[in-house]
Amino acid sequence: MQVLKSYLCGEWVSGEGAGQTLYDPSTEEALGTTSTEGLDFGAAREHAITKGGAALRAMTFAQRGEMLLALSRAIHSKRDELIEIGMKNAGNTRSDGKFDVDGASGTLAFYGEFGKSLGDATFFTDGDAINLGRSSRVSGQHVLVSRRGVAVHVNAFNFPAWGLAEKAACALLAGMPVISKPATATAMLTAKMMEALVASGALPDGALQAIVGPTGDLIDRLGPQDVLAFTGSGATGAMLRSKKNVIANAVRVNVEADSLNAAILGADVERGSETYQLFINDVARDITQKAGQKCTAIRRVFVPTAMVEAVNEDLVERLYGTVVGSPFAEGVTVGPLATAAQLRDVRVGLELLVKSGAKVLTGGSAAVQGKGAPEGKGFFVAPTVLFAEDPHAASAVHEHEVFGPSTTVLPYKTADECIALVARAGGGLVSTVYTDDRAVSAELALGIAAYHGRVCIANGRMGSGWLGPGTVLPSLLHGGPGRAGGGEELGGVRGMGLYLQRAALQGYGPLIEGAVANARKV
Ligand code: NAP
């Protein structure tokens with residue numbers, strides 16, 4: 001069995017004791033172990049700050065961009081091997097694996113090119129100089145400079161490659177060193193990817209470290225210049241952001257948590273139209289891709305009452321062809337859930353939705369024998385569509401995220417009612433309005449915008465540029481208010497903001513002008 005290692009202080013290390021076991025979720029076979037017990041996280045933090053931070057700040061944006069491009073190439077060069085590991089340890093189908101691994105290299109490449117476009121500066125000016133008197137003799141100028149601590153990244157199990165890359169890209173380009181911690185259950189892919197990143201030689205000493213397993217006392221050590229960026233469940237996010245030292249030191253925290261994303265079919269859309277077909281395709285993709293384990297997956301499908309029957313029928317039919325099983329078996333389109341705990345949670349969650357008034361149209365919580373999996377083994381769930389006839393009474397549908405291959409159809413009568421129902425989830429990552437009508441798109445999209453980090457307006461004329469709402473793009477914001485954690489990631493320069501300190505320079509204008517002469521305007 002493989003023993004996974006963490007990469008700390010420039011060395012590959014493993015902790016004491018038996019540690020945790022990592023499994024193949026299709027067969028339940030043990031694949032490896034990892035332990036971080038006894039590792040020196042204080043030294044890792046110091047190493048990041050003194051070595052990594054100093055080295056990154058000495059690099060221009062363009063040089064940091066070149067570094068990110070080299071990291072992107074390092075991942076791409078191991079693409080097949082990484083995809084294979086994700087199939088084995090995370091239950092990804094080959095296509096799910098590409099989504100994760102190519103998402104990682106693509107995001108690094110985006111920020112690499114962006115860094116190059118920022119040129120030889122090492123920090124930003126934010127806005128123009130402001131005259132504070134009658135002339136420019138006394139003036140003010142906002143700047144954004146790299147924070148001098150370490151960025152600790154804690155990631156969820158569902159994107160072991162992309163999770164590390166999307167956070168690290170923003171922090172490294174902003175000039176902050178990173179200690180990244182993947183979720184343990186699916187960390188085999190992250191550990192292998194980390195090997196490729198280190199071997200690339202592109203990283204200055206201390207710029208990127210990885211903890212494969214629990215973080216020990218690292219979070220308790222975070223101080224005023226540090227950043228904690230977390231992706232995972234709302235409960236863990238709340239626990240981490242309320243730690244004593246995190247509050248006392250005002251550690252900057254970004255939380256990406258769960259979300260009950262909506263797809264809204266506009267009242268103008270007819271069955272069989274291109275926009276209708278796109279809507280059905282997007283919903284079906286989000287049920288099946290990554291076995292529904294995507295924070296951006298469509299969980300609630302709002303449909304005008306008159307169209308409910310058609311949508312229910314078409315969605316169920318669309319899922320007929322799906323094959324649940326081991327990613328290594330021929331023809332499988334939906335892999336297993338990542339862990340036994342996930343399987344338990346999804347089953348309990350589906351039952352909760354049913355108790356709340358939703359009816360199962362296809363799928364459900366019953367055990368499934370996955371194709372190519374040993375008899376009775378594997379964490380499989382059938383693609384599931386539920387229908388809640390009374391959208392107001394079905395509270396659990398608006399409150400409980402089932403993190404698996406499942407969605408619920410809900411009828412609505414008016415745009416106002418639909419907006420109010422969407423808002424009942426208490427804040428989300430992304431929701432989509434499917435329409436061909438300007439008035440419908442404006443009313444619904446702007447009506448739900450305050451509750452989201454991203455709102456999509458989709459119709460059948462978009463062509464191949466449309467990847468669906470579930471694909472997080474580095475150029476656009478990822479995150480959302482309330483339940484979604486209140487965080488903001490990516491979105492080009494916006495994602496770097498977490499790692500930059502805004503300060504106002506105030507005083508003698510000519511000296512301020514000199515101090516910022518080599519800055520890049522944000
Ligand atoms: P989780 O149990 O909260 O775990 C998330 C991460 O937190 C893991 O790396 C976990 O490490 C770590 N962790 C747990 N306790 C910790 C502690 N005391 N100190 C430090 N780290 C700790 O969440 P999950 O079940 O993996 O993820 C599923 C959830 O994530 C879903 O609700 C989904 O919606 C959400 N999600 C959100 C986004 C987004 O971008 N908004 C993306 C993906 C997933 P171990 O694995 O070692 O326990």
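Mentor: Contact here means heavy atoms within 4.5 Å. This is a predicted model, in which local features need pLDDT of at least 70 and side-chain atom pairs count only at pLDDT 80 or more, while totals for chains, interfaces and linings use all residues. Residues are numbered from 1 along each chain as its sequence is written, and side-chain values use heavy atoms, with hydrogens and water left out.

At the ligand, 25 residues surround the molecule, and the closest are N155, T184, S233, T236 and H478, where a residue is near if one of its heavy atoms lies within 4 Å. A polar side-chain atom of S233 lies 2.6 Å from a ligand oxygen atom, an N or O atom in the side chain of H478 is 2.7 Å from a ligand oxygen atom, and a polar side-chain atom of K181 lies 2.9 Å from an oxygen atom of the ligand. Taken alone the ligand exposes 920 Å², of which the protein buries 79%, areas being computed by the Shrake-Rupley method with a 1.4 Å probe.

For the interior, Q209, in strand β10 (residues 208–210), counts as buried because its relative accessibility is 1%, buried being under 20%, exposed over 50% and partly exposed in between. Leaving aside neighbours within four places in sequence, Q209 is in contact with residues including Y7, H47, V178, S180 and M194. Strands are DSSP runs (E, at least two residues), numbered from the N terminus.

Terms used. Helices (H or I, at least four residues) and strands (E, at least two) are DSSP runs, numbered from the N terminus. Buried means under 20% relative accessible area, exposed over 50%, partly exposed in between (1.4 Å probe, protein chains only). A polar contact is a pair of N or O atoms within 3.5 Å; within protein, one must be able to donate a hydrogen and the other to accept it, and residues adjacent in sequence count only if both atoms are side-chain atoms.
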